Amino acid sequence: MDSLEKRSTNSLYGNNHYETETIDQYEAYRDDDIPMSTEEKALVRKIDFFLMPLVCTIDFLQFVDKSCINYAAALGFKEDININGSQYSLISSIFYLGYLLFQLPNNYLLQRIPVGRYIGILVIIWGVMLTCTAAGKNFSQVAAFRFLLGFFEAGVYPSLTLLVSTFYRRSEQAARLGAFWICNGCALVIGGLITYGIDSMGDAHGIERWRWIMIILGAFTTFVGIFSFFFLIDNPKSPALHLNAEQEILVEERTRDNAVVRTTMIKKEHIYEALKEPRFWCFCFCCLFINLQNGAMTTYNTQFAMGFNFTGLEAVLLSIGTGAADIFFILIAIYSVRKTRQTIYTAIVLMIVDILGLILLQVIPDPHLKLIGFYLSWSYCAVYVLMVTSISNNVSGYTKKIFYNGMVMVFYTIGNFCGPLMILEHQAPNYTSAMITYICANCVVVILLFTARSQMAKVNRERLSSEAVVMTHVEDDLSDVQDINFLYRL
């Protein structure tokens, strides 16, 4: 790639001196090679201690709670409420209908309510909904509770992503976003172990085993929600951090870096700007196509393993392997981005690994060996993490960032809603038509990611080659388009 030089004010960091940059240096974004001061290290440790454990716990619970129907299916859920395969798929998908309907009010509420309290309320309500699902006795009752569960879980991903992008420098966000997405893999592992333990209980106190999953997880989730309501911090200057004078200054500097300044003013021009961006639609449709597979994988995880000639309980235990694969690929993604500074290229390579895994699922004749393809196909989780990281890094302006996250979640919801409906019971265990659809969708994702990266690289080249020097201030809440000093992390 051509090396282009620019004399820049580097206003994101509040520096007034000039320095020479090249496009290659910026794509690698060498700011995270600058040694961190002792005070900033102490500040980051404080933020990690007060924020990340709760963020990770909430993310863990939202994944295991929405996936508990997958474990319930191995413990007699479908037989107890007398539903067939199509009804099971619909119960799985209707969760995302609730998810979809909450996105618009979520975007409004995120800009109007303190994020910490808001998350706490959502977690409490969905914990109660999950507990109530255990009382469902037929298809319509369980479907209604699943809809409400999805409705109140819907605000969590955008809220947690917003918290991370508010507290951390852009160079720090990939590791933190990766950390809480790794919790999805942990949820698969621990969910399998919980199911194994509950299976050994039998129908304790006359309550079916699948109902115990929902009662136990729902009660714990409600407790975490109450704790979050009072203790989840949502402001980099929170009194809980006990910042000293130097750390107060550091917070201001870090805010300039991540370009996120909380405001209750909704800027319509930021929304119109996003809608006109090709990369906005690239990311949205990437999200949709990736989550066609995700919807199926999370809903039919156990049933897929049963199709490889494993028993119900063995299949549940094999879900531990899918969790390990999820964690492995996300760790690989984080390591690769830190070493190469290439977020989207890393995502494209992992997407190709996913495509390879899905192909192996179809062509390997031995049912047990199909596990190789099955585990490889979980690399899509890391692709999604890197896509979210790219959005978090490369969208500035508070309204624009919330709008981006909200619209991506709309497409996330559509993908997860449609994905399970593509699984046709009469095609078990290969589900050929669904797998071919996922393979084709993932090929489109590769093209879309490359297109989004190319657009951002083009803007970087134009801005680096420009001789104009314009001072901008993060307090102005400029979007990445309005701030001509903003350079994209590729």
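Guide: In H10, the residues Trp-210, Arg-211, Trp-212, Ile-213, Met-214, Leu-217, Gly-218, Thr-221, Thr-222, Val-224, Gly-225 and Ser-228 are buried, where buried means under 20% relative accessible area, exposed over 50%, and partly exposed in between, with a 1.4 Å probe and protein chains only. This is a predicted model, in which local features need pLDDT of at least 70 and side-chain atom pairs count only at pLDDT 80 or more, while totals for chains, interfaces and linings use all residues. Residues are numbered from 1 along each chain as its sequence is written, and side-chain values use heavy atoms, with hydrogens and water left out.

Visitor: Which helices are included in what covers the buried residues of H10?

Guide: Helices here are DSSP runs of H or I with at least four residues, strands are runs of E with at least two, and both are numbered from the N terminus. Contact means heavy atoms within 4.5 Å. On that basis, the cover over the buried residues of H10 includes helix H2 (38–73), helix H3 (77–80), helix H6 (115–133) and H9.

Visitor: How far apart are the end C-alpha atoms of H10?

Guide: The expected span of a helix is 1.5 Å times one less than its number of residues. The 23 residues of H10 should therefore span 33 Å, and this agrees with the separation of its end C-alpha atoms, which is 33 Å.

Visitor: Which word describes how H9 and H10 lie to each other?

Guide: The axes of helix H9 (residues 170–201) and helix H10 (residues 209–231) come within 9 Å and cross at roughly 125°; axes are lines fitted to C-alpha atoms, for helices over the stretch in contact, and angles run from 0 to 180 degrees between N-to-C directions. Angles under 35 degrees count as roughly parallel, over 145 as roughly antiparallel, 65 to 115 as roughly perpendicular and the rest as oblique. The two helices, H9 and H10, are therefore oblique.

Visitor: How do the residues of the contact of H9 with H10 divide?

Guide: From H9, the residues Ile-194, Thr-195, Ile-198, Asp-199 and Met-201 meet Arg-209, Trp-212, Ile-213, Ile-216 and Leu-217 in H10. Ala, Val, Leu, Ile, Met, Phe, Trp, Tyr, Cys and Pro count as nonpolar, Asp, Glu, Lys and Arg as charged, and the others, Gly among them, as polar. The residues of this contact divide into seven nonpolar, one polar and two charged.

Visitor: Which residues does Ala-72 touch?

Guide: Ala-72 lies in helix H2 and is buried, with a relative accessible area of 0%. Not counting residues up to four places away in sequence, Ala-72 touches Phe-77, Trp-210, Ile-213 and Met-214.

Visitor: Is Ser-392 buried or exposed?

Guide: Ser-392 lies in helix H17 (residues 380–394), and, not counting residues up to four places away in sequence, Ser-392 touches Ser-165, Gln-173, Leu-177 and Lys-401. With a relative accessible area of 2%, Ser-392 is buried.

Visitor: What does Ile-372 count as at 47% relative accessibility?

Guide: Ile-372 has its place in helix H16 (residues 370–376). Ile-372 is 15 residues from Gly-357 in sequence and 7.3 Å from it in space, C-alpha to C-alpha. At 47% relative accessibility, Ile-372 counts as partly exposed.
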